[in-house]
Amino acid sequence: MPITFHILPPCTELAEALQSKIDHKTKPLGALGQLEALALQIGLCQNTLSPQLSQPSIIIFAGDHGIVESGVSAYPQVVTAQMIGNFLAGGAAISVFAKQHGLNLWIVDAGVNADINPHEQLIAAKIAKGTQNFLSQPAMTMAQCLTAIQAGADIVLQRYNAGCHCIGFGEMGIGNTSSAALLMHCLTGIDLSQCVGRGAGLDDAQLQHKLTVLKHALAHHGTLTDPLTALSSFGGFEIAMLVGAYLKAAELNMLCLVDGFISTAALLVASKLYASVVDYCVFSHVSNEQGHQALLAYLNGKALLTLDLRLGEGSGIALAYPLVQSAVLFLNNMATFDEAQVANKNTDH
Ligand SMILES: O=C(O)c1ccc[n+]([C@@H]2O[C@H](COP(=O)([O-])O)[C@@H](O)[C@H]2O)c1
Ligand SMILES: Cc1cc2nc[nH]c2cc1C
């Protein structure tokens, strides 16, 4: 890959000590279930027995998609730019939930088809005003794709340097479930019909049309199995930036929170470049978008929440964040059997 990341699997040296710390807490062995696995993962990612969720942040990458002119979304393209206004004004679901949980929120213009006014929470990184329609040409050039990956990585490095060690990535882009579905099909081999869903809200007939359009796109490009070629052919600028963001976060040993279908498809691309990136990721929820469950299974991911969300914009991350917080808090603050003078499990029979 022309851009290099240095991603190692999390160091397992502390695994035994972390498990022992978890097992000595005042609870039946294993009784905190998935939170125990989460605490262990966070400790391993940060390589410490006492992890911290400093400056937890969500970054939303936004971009527009040329394929929208082929009628694959229930909503018009202009919604992407309008929702950026809503994010910045504090009126979107993610604005409300991020504020509820004390999460910093940043919005990245990765390639929205409009001029966006400067704002203190806006990061201007526009590659172009939307991608090309991938029905008959690549969505972007390879040079644009690499620039976007690097930009996503640079944005994460800035947050890291500002003290952030726990980060989640959301996305906004009318049409981007079409990109995600094609990426999933090309890189997993799962049948296209299993990867294509209703997105922001297609009816049955519209869903059939979307599947037909995406089949035509595949017929034009062929089933691309090289991750960067698939990404530049079918991706959005926001998806390419997400790829760079995940890879940089993993390189920096940051805990990475994953949102819904599109965010997970971007992680799939990243994992085909560097498999260990997934070890740094926590899957916040299973989206209602057709394909997400199979995609999580492909990545061996176990999601924290099943709430039938299909919103994107990092909303599942914000909702799952209190569970991540609870995992860290029990590991750091719960009493051991000795400290609380509680009798431990019988070992004499
Ligand atoms: O996160 C998800 O699982 C998810 C599922 C369906 C739709 N979305 C959001 O809806 C938009 C894409 O839907 P569509 O139908 O325009 O491709 C985009 O802005 C996503 O954030 C997100
Ligand atoms: C209104 C709206 C809000 C969204 N947020 C993320 N994707 C979205 C798609 C639509 C259509």
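Mentor: Gladly! Helices here (H or I, at least four residues) and strands (E, at least two) are DSSP runs, numbered from the N terminus. This is a predicted model, where local features need pLDDT of at least 70, side-chain atom pairs count only at pLDDT 80 or more, and totals for chains, interfaces and linings use all residues. Residues are numbered from 1 along each chain as its sequence is written, while chains are lettered from A and ligands numbered from 1 in the order in which they are written.

Trainee: What makes Asp308 count as exposed?

Mentor: Asp308 has 9 C-beta neighbours inside 10 Å, so it counts as exposed. Asp308 is also in the loop between H12 and H13, and its phi is positive, near 60°.

Trainee: How do you know what span is expected for H8?

Mentor: The expected span is 1.5 Å times one less than the number of residues. Helix H8 (residues 204–221) has 18 residues, and its reach of 26 Å from first C-alpha to last is close to the expected 26 Å.

Trainee: Which residues of H8 are buried, and what puts them on the same side?

Mentor: Lys210, Leu214, Ala217 and His221 are the buried ones. They cover an arc of only 50° around the axis, so they lie on the same side of H8; the arc is that of the directions from the helix axis to the C-beta atoms. The face turned away from that buried side carries the exposed residues Asp204, Ala205, Gln208 and Ala219.

Trainee: What makes six of the residues around ligand 2 nonpolar?

Mentor: Ala, Val, Leu, Ile, Met, Phe, Trp, Tyr, Cys and Pro count as nonpolar, Asp, Glu, Lys and Arg as charged, and the others, Gly among them, as polar. The residues around ligand 2 (C-beta atom, placed from the backbone, within 6 Å of it) are Tyr75, Val79, Met83, Met172, Ala200, Leu311, Gly312 and Glu313. The shell therefore has six nonpolar, one polar and one charged residues.

Technical notes:
A residue is buried if 20 or more other C-beta atoms lie within 10 Å of its own, exposed if 12 or fewer, and partly exposed in between; C-beta atoms are placed from the backbone.
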